[in-house]
Amino acid sequence: MSAPEGPFVIGVDSSTQSTKALVVDAATGQVVARGQAPHTVSPGDRRESDPEEWWQALQTAVGQCGRAAGEAAAVSVAGQQHGLVALDGAGDPVRPALLWNDVRSAPQRDRLVADLGGPTAWAERVGSVPAPAFTVTKWAWLRENEPEAARSTAAVRLPHDFLTERLTGQPGTDRGDASGTGWWSSATGSYDTQILELAGLDAALLPPVLGSGEAAGTVKETGDGLLPAGTLVATGTGDNMAAALGLGLLPGQPVLSLGTSGTVYAVSSRRPADPSGTVAGFADAHTGWLPLACTLNCTLAVDRMAALLSRDREDVEPGGRVTALPFLDGERTPDLPYATGLLSGLQHATTGGQVLQAAYDGAVFALLRALDLVLAEGGDPAAAQEAPLLLIGGGAKGTAWRETVRRLSGRAVQVPSAQELVALGAAAQAAGLLLGEDPGAVARRWRTAQGASYEPVDRDEDALARLSSTLEGAGALLDRRP
């Protein structure tokens, strides 16, 4: 490893289950130190976390980076999207944060969509039709179900906003993460006052939306000595936007991310507005757009199936006719918030390995169904069809995930060798701010997208037809409300 050239920057990824911190050489992209600390997520149907744990995890992860962290000239925080962080007048959480994969707000989502005039009205104004994951639906749920908590709220933040504000002492967010709230309009580039009124949220509770290349502030004196006071702090962004930055994505390059959630996205120069609600019309962390489709059930759901079967996650077997729709947390794509997992086609000869492979198939199938729509919203689907799928996230390290994507997509796959792309994207944003450069260009200079390539294989049309038929035939079961 060559000697670092400097200056150093820090990229932070505050995800659903942990916080990671990387100290990166801004000149070369070399990771010179790293740290990680876990979060606690409530068990059962409630998907909640204490934001104070995120802050403690950030401090722990940065502390693990040692002296290099203290030498960093800039820092940026990327965080899980959509989470509702309600703070009191002192800046402390009034309750645990409602996370993106908490779908209790499905009834409020239905009401909000209808009150604004239906899905098309939402797509035209916001760029997206809100799913129960979106923050606006969670605020409406809080007002209806915990009115005392809502009345005690003096500030509403997203996860990355909360952590950035803890660093700087100043409120702020960015257009990328704001575009996943449901109350920021991609058409106007500002908060939508009518939607805020429908949700019962005062705009004064929201942070200002900072522009690309702006600083959120500087690190305030925290007393822990981990980061020197005065260190430059970038705006930060949502995790998907940060991963796109971390890859240095150019328009038309499709990405399939396999994490707790699964996502398919591509950078676009055209503002997306899909009235079906399948494609979320997010802004990216720069000046473009990030059409994206997200599934709630990905690696966590498949790992749960493996645990139920007492099998290692790679212990899959081909063959059989079993079909699995692993919608263990409800589902966002397809839009089935009340769904539970479903198995079909079990026979005496079915093996546990075949059931596990079917779970992989069901998770990947849901993402690939949305891929063509994502690419169409990006404006150049023909060119994007020629590009390999960039496979990222924790699942990209697994052979079973990679081979399932190849078999069901029929496309070439490329697995970037760079790890922790969300934190790398945050680091690229910090470097861009520090050096006055486009953060995407910074990441391309770092060559983060380079990695192993895999040729296409024949698409498994039988499995795709079986999955499609099962999904269409199980509508009443999957949409059964509690």
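1. Seven strands, written 7 in the count, follow the order E18-E19-E17-E16-E22-E23-E24, with mixed pairing. Helices (H or I, at least four residues) and strands (E, at least two) are DSSP runs numbered from the N terminus, and two strands pair if DSSP finds at least two bridges between them. Strands E18 (280–283) and E24 (451–454) stand at the edges with a single partner strand each, so one side of each has no neighbour in the sheet. From one strand to the next, the twist averages 25 degrees; axes here are lines fitted to C-alpha atoms, for helices over the stretch in contact, and angles run from 0 to 180 degrees between N-to-C directions.

2. A word on the model before going further. It is a predicted one, in which local features need pLDDT of at least 70 and side-chain atom pairs count only at pLDDT 80 or more, while totals for chains, interfaces and linings use all residues. Residues are numbered from 1 along each chain as its sequence is written, and side-chain values use heavy atoms, with hydrogens and water left out.

3. Strand E22 (residues 389–392) deserves a look of its own. With strand E16 (residues 255–258) E22 pairs in the parallel sense over 3 bridges, and Val 255 has Leu 390 as its bridge partner in E22. With strand E23 (residues 413–416) the pairing of E22 is also parallel, over 2 bridges, and here Leu 389 stands opposite Val 413. Leu 389 and Leu 391 point one way from E22, Leu 390 and Ile 392 point the other way, and all are buried. Buried means under 20% relative accessible area, exposed means over 50%, and partly exposed is in between (1.4 Å probe, protein chains only).

4. Next, the packing. The largest nonpolar core has 65 residues, and Trp 139, Trp 183 and Tyr 265 have the most contacts inside it. Helix H15 (residues 421–435) gives the most to this core, with 9 residues. Apart from it lies another core of 46 residues, including Tyr 360, Phe 365, Ala 396 and Ala 474. A nonpolar core is a set of buried Ala, Val, Leu, Ile, Met, Phe, Trp, Tyr and Cys residues joined through side-chain atoms within 4.5 Å.

5. Trp 139 sits in a covered helix. In H5 (residues 135–145), 8 of the 11 residues are buried, among them Lys 138, Trp 139 and Trp 141. Leaving aside neighbours within four places in sequence, Trp 139 is in contact (heavy atoms within 4.5 Å) with Leu 84, Ala 150, Thr 153, Val 156, Trp 183, Ala 199, Gly 200 and Leu 201.

6. Val 129 lies in the loop between helix H4 (119–126) and H5, and is buried at a relative accessible area of 13%. Val 129 and Thr 278 are 149 residues apart in sequence, yet 8.1 Å apart in space, C-alpha to C-alpha. Beyond four places in sequence, the contacts of Val 129 include Val 113, Trp 122, Asp 274 and Pro 275.

7. How many disulfides are there? The count comes to 0, where a disulfide is a pair of cysteine sulfur atoms within 2.5 Å. The sulfur of Cys 294 is 9.0 Å from its closest cysteine sulfur, in Cys 298, which is too far for a bond. Cys 294 counts as buried at 5% relative accessibility, and Cys 298 does too, at 0%.

8. Lastly, some backbone details worth a check by eye. Most residues other than glycine have a negative phi, and most peptide bonds are trans. Thr 333 and Pro 334 are joined by a cis peptide bond, with omega about 5 degrees; Pro 334 is in the loop between strands E20 (323–325) and E21 (342–344). His 82, not a glycine, has a positive phi of about 75 degrees and is buried at 3% relative accessibility. Arg 447 also has a positive phi, near 60 degrees, but Arg 447 is exposed, with a relative accessible area of 58%. The loop holding Arg 447 runs between helix H16 (439–446) and E24.
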